[in-house]
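Hi,

Here is the structure I promised to pass on.

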Amino acid sequence: MTTVKEAIEAMIRERNVETGRVSGLSRQIIAQMNTLQTGILVNFENLPGINSSGAAHLNLYLQTGAKEALRAALRSGIAQQPSLKMTINSAFRTVAQQHILYRVYQRDPKLIPLAAKPGNSNHEDGLAIDVNNYNVWKPYLLANGWQWLGGNDPVHFFNTNGRDDVSTLGVKAFQSLWNRYNPTERVTVDGNFGDQTAAKMDRCPIGGFAVVNVFRLGDNGAVVTRIQQHLSNVGFPVAVNGLFDRQTKDAVIKFQLKQGLAADGDVGPMTLKLLGIKL
Ligand SMILES: [Zn+2]
């Protein structure tokens, strides 16, 4: 398992900064942001005119208002030149990606000459895109609510049609994700990317936290059906209906007591194993 810190060391050694290496962790952070604030980031990959390279570092997400402004710009460009495509170099950047850029910038400014502290970039707000072929698209973007700061960073366009605190939400998403998988080493979920949070980020697996399947009261589906069948087979009969109901939970508790497990009625990896269920 490679940690974020190890990946950063390798990037500095190899002189190649590739934030796509944390794409697994990034996907979990984006999903968590959309859990904390429903629908805050929307995918724009399928907008007509978007040319996606599919590169691992690319998260083609914006806030809804910015996505609609992008749709309008693409539409007006295509109306003039039907074959025109927009090539995106960078769009939404997760706090994990910004952490990499900032760490490298601190350690080796020759490699990354400038990077914002995590929680402060408008790429982290879902309000910015870097457009590879910016010259052709600039007039259409400017006519549709996008802003351009000039030649120092010519690929960069940003939009103000949305909330400007989404980068803070991204930090909270990371902090709450960390706490879920590291309940004995909790950090304060305050949206502030301080030294403590940065140190936790360094220790994260680049592929994201391993998902632990736990089935509990209120769940339903095919795995619950199998749990019920296996419980019945080993002497704890329950209705096999695919619903993790009270009766199922009571049977799980009895099974766990018999096996000497913590009898909480939740079916985690150990209970699954002792029931003989492989997922
Ligand atoms: Zn940019």
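UniProt, in an unreviewed entry, puts "domain: D-alanyl-D-alanine carboxypeptidase-like core" at residues 61-136. Keep in mind that this is a predicted model. In it, that span is 43% helix and 14% strand, and its end C-alpha atoms lie 22 Å apart.

Stepping back to the whole chain, it splits into domain 1 (4-169) and domain 2 (222-275). The C-alpha centres of the two domains are 46 Å apart.

Now the metal. The zinc ion has His123 (NE2), Asp130 (OD) and His156 (ND1) as its protein donors, lying 2.0 Å from it. Along the chain, the donors follow the spacing H-x6-D-x25-H. Asp130 lies in strand S5 (residues 128-131) and His156 in strand S7 (residues 156-159), so this pair ties together parts that are 26 residues apart in sequence. Both Asp130 and His156 are buried.

Trp178, Tyr181 and Phe209 make up one aromatic cluster. Tyr181 and Phe209 have ring centres 4.9 Å apart and planes at 5°, so they are stacked. Tyr181 sits in helix H6 and Phe209 in the loop between H7 and H8, so that pair links parts 28 residues apart in sequence. With Trp178, Phe209 pairs edge-to-face, because the ring centres are 6.2 Å apart and the planes are at 70°. Trp178 is buried, at 2% relative accessible area, and so is Phe209, at 8%, while Tyr181 is partly exposed at 25%.

One last thing: the charged end of Lys138 sits over the ring of Trp148, 3.5 Å from its centre.

Cheers

Terms used. Residues are numbered from 1 along each chain as its sequence is written. This is a predicted model: local features need pLDDT of at least 70, side-chain atom pairs count only at pLDDT 80 or more; totals for chains, interfaces and linings use all residues. Side-chain values use heavy atoms; hydrogens and water are left out. Domain bounds come from an automatic or database domain assignment. Donors are N, O and S atoms within 2.8 Å of the metal (3.2 Å for Na, K and Ca); water is not among the atoms, so sites may look incomplete. Helices (H or I, at least four residues) and strands (E, at least two) are DSSP runs, numbered from the N terminus. Buried means under 20% relative accessible area, exposed over 50%, partly exposed in between (1.4 Å probe, protein chains only). UniProt positions are given in the numbering used here, feature names are shortened, and annotations may be inferred rather than shown by experiment. Rings of Phe, Tyr and Trp (its six-membered ring) pair if their centres lie within 6.5 Å; planes under 30 degrees apart count as stacked, over 60 as edge-to-face and the rest as tilted. A charge sits over a ring if NZ of Lys or CZ of Arg is within 6 Å of the ring centre and within 35 degrees of the ring normal.
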